Amino acid sequence: MVMALMGPHWLSLLAVVASVVEAGDLPSPDNYRALAGHQVWETEDPQARSLLAGLEEEGLADILGHTSSVLRFRVDPEGVSRVSDSLLKARVDYRVAITDLESHYVEMERVARRDGVIRAEKISCTSDSCPIPLIEEYMEFTEIEWYLKELAAQSSRVELESIGKSIEGRDIWRVIIRAAQEGEGQRKAVWLEGGLHAREWISPAVTINLIHKIATDESFLPAGIDVYAVPMANPDGYVYSWTGNRLWRKNRRRNDGSRCRGVDLNRNWDMKFGVGASSNPCSETYKGVAAFSEPETVALSEEMTRVAAGNDLKLMVALHCYGQVLLYPWGWTSDPAPNKDEMIKAGNAFAKAALKGRGRKYSVANSGSEFYYAAGATDDWAKGKLGTPYSYTLELPDEGNFGFTLPADRIPFTFEEVKRGIIELIYVVFNE
């Protein structure tokens, strides 16, 4: 049964959808065309979560958010009948919030251009001049590379190295930012990971701006702490989200025997591999044929292992979106992880600092019991295999109004609140 569910999170969204008939004056970008006929449905029925998790494993649904009481999910044209039948059979009330995602995104862009949110001409950096990251534009992969190379060339505290190649042969860049002041004893390390899921553009945007802040502000880091950062962990998927499908999540592996491409890199790590993940290559949570089957996760894990062996790696933060929540392990079980209370205390310090001024509210939650069960993620692996005491997944804004397509003019505000939170998190972790 289809039921009209109206909530505050979707008021602005539905207003945009209502005006979609005016979108004909704006051509559809290539990364929107793949979403023609895709729909967004929503439900408030609590029993729908387990049902939709099963449908997601089958590749029939793409759950878009986990923190709201309203569960939103994407359905492609081929899956409409089967998903509808499954929901009706289970007597789950739902509504269709967006009837065509291509038209929806085209209209959103038209309105943003009309209101000046999107500039008539895109600001960009070039291979000859990219001294700072773009702060109100999302950067293409080549622009990210240009910026990182220029930063490394200009700063004696910054080291840049490719730690491996993606499936399609792109570099996976690792940045080291050395502390301005030497500390006593063994050097301490922080690891930041961005861009593991391709469609989450705010993740590399914030990570890049954190890198810039840490590298150009010598007072940012306490003495003796180095920051290791991979701002774009899934370059192929990110490029494809610009050129082929704005909601692409996985890498770009060609899966043998399947028409569907890609592996979910945040289900491919060797920590309780397979829990809460799919064996279906058409699923957004497809885990791959084996743990570390993908060159991206191999490169990341080998470099993190090297860093942990030579430094005191106490803190790892993987930046994702969306939901405004700082998650701590475990993701595969409700059993408490070591030093759970300390992780919560440090997480609360992050949330309090992020909220200062005009910041948004972040919650602190367990990945498995309070978010959703999933294994093979970076944070669980860093905690369970490397013994990193403080290991988190940070779900960036927002809470569902824009989801994965957070407008670029929200980058500065998001960066500022995360910067405050990260500074406080580092100080709490390394002074406990």
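Predicted model: local features only at pLDDT ≥ 70, side-chain atom pairs only at ≥ 80, totals over all residues.

The points below take the salt bridges, then the cores, then the sheet and the helices.

1. Salt bridges overall. The count of salt bridges comes to 26. Side chains of opposite charge can pair when their charged atoms come close. Three of these pairs are taken up in the points that follow.

2. R199 and D62. A salt bridge joins the side chains of R199 and D62, with 2.7 Å from N to O. The partners come from distant parts of the chain, 137 residues apart: R199 sits in the loop between β7 (188-194) and α7 (202-216), while D62 belongs to strand β2 (residues 62-63). Is R199 buried or exposed? With a relative accessible area of 0%, R199 is buried. D62 is buried as well, at 2%.

3. D236 and R170. The side chains of D236 and R170 also form a salt bridge, at 2.8 Å from N to O. D236 lies in helix α8 (residues 235-243) and R170 in the loop between β5 (158-165) and β6 (171-177), so the bridge ties together parts that are 66 residues apart in sequence.

4. D264 and R249. In the salt bridge between D264 and R249, the closest N and O atoms are 2.7 Å apart. D264 counts as buried at 0% relative accessibility, and R249 counts as buried at 7%.

5. Nonpolar cores. The largest nonpolar core has 97 residues, and those with the most contacts inside it are W191, L315, Y392, L394, L396, L425 and I426. Helix α7 gives the largest share of this core, eight residues. Leaving aside residues up to four places away in sequence, L396 touches a set of residues that includes I202, S203 and V206, as well as L319, Y362 and V418. A second, separate core has 14 residues, among them L55, L60, I63 and V75.

6. The open sheet. Four strands form an open sheet with antiparallel pairing, in the order β2-β3-β1-β4. Its edge strands are β2 and β4 (95-98), each of which pairs on one side only. Strand β2 is joined to the antiparallel strand β3 (residues 71-75) by two bridges.

7. Helix α4. Helix α4 (residues 80-89) lies across β1 (39-43) and β3, and runs at about 5 degrees to β1.

8. Helix α7. The 15 residues of α7 should span 21 Å at 1.5 Å a residue, and the end C-alpha atoms are 21 Å apart, which agrees. Of these 15 residues, 13 are buried, so α7 is largely enclosed by the rest of the structure.

How values were computed
Residues numbered from 1 in each chain as written. Heavy atoms only, no water. Salt bridge = Lys/Arg side-chain N within 4 Å of Asp/Glu carboxyl O. Buried < 20%, exposed > 50% of the residue type's maximum accessible area, 1.4 Å probe, protein only. Core = buried A, V, L, I, M, F, W, Y, C linked by side-chain atoms within 4.5 Å. Contact = heavy atoms within 4.5 Å. Pairing = 2+ DSSP bridges. Axes fitted to C-alpha atoms, helices over the stretch in contact; angles between N-to-C directions. Expected span 1.5 Å × (residues − 1).
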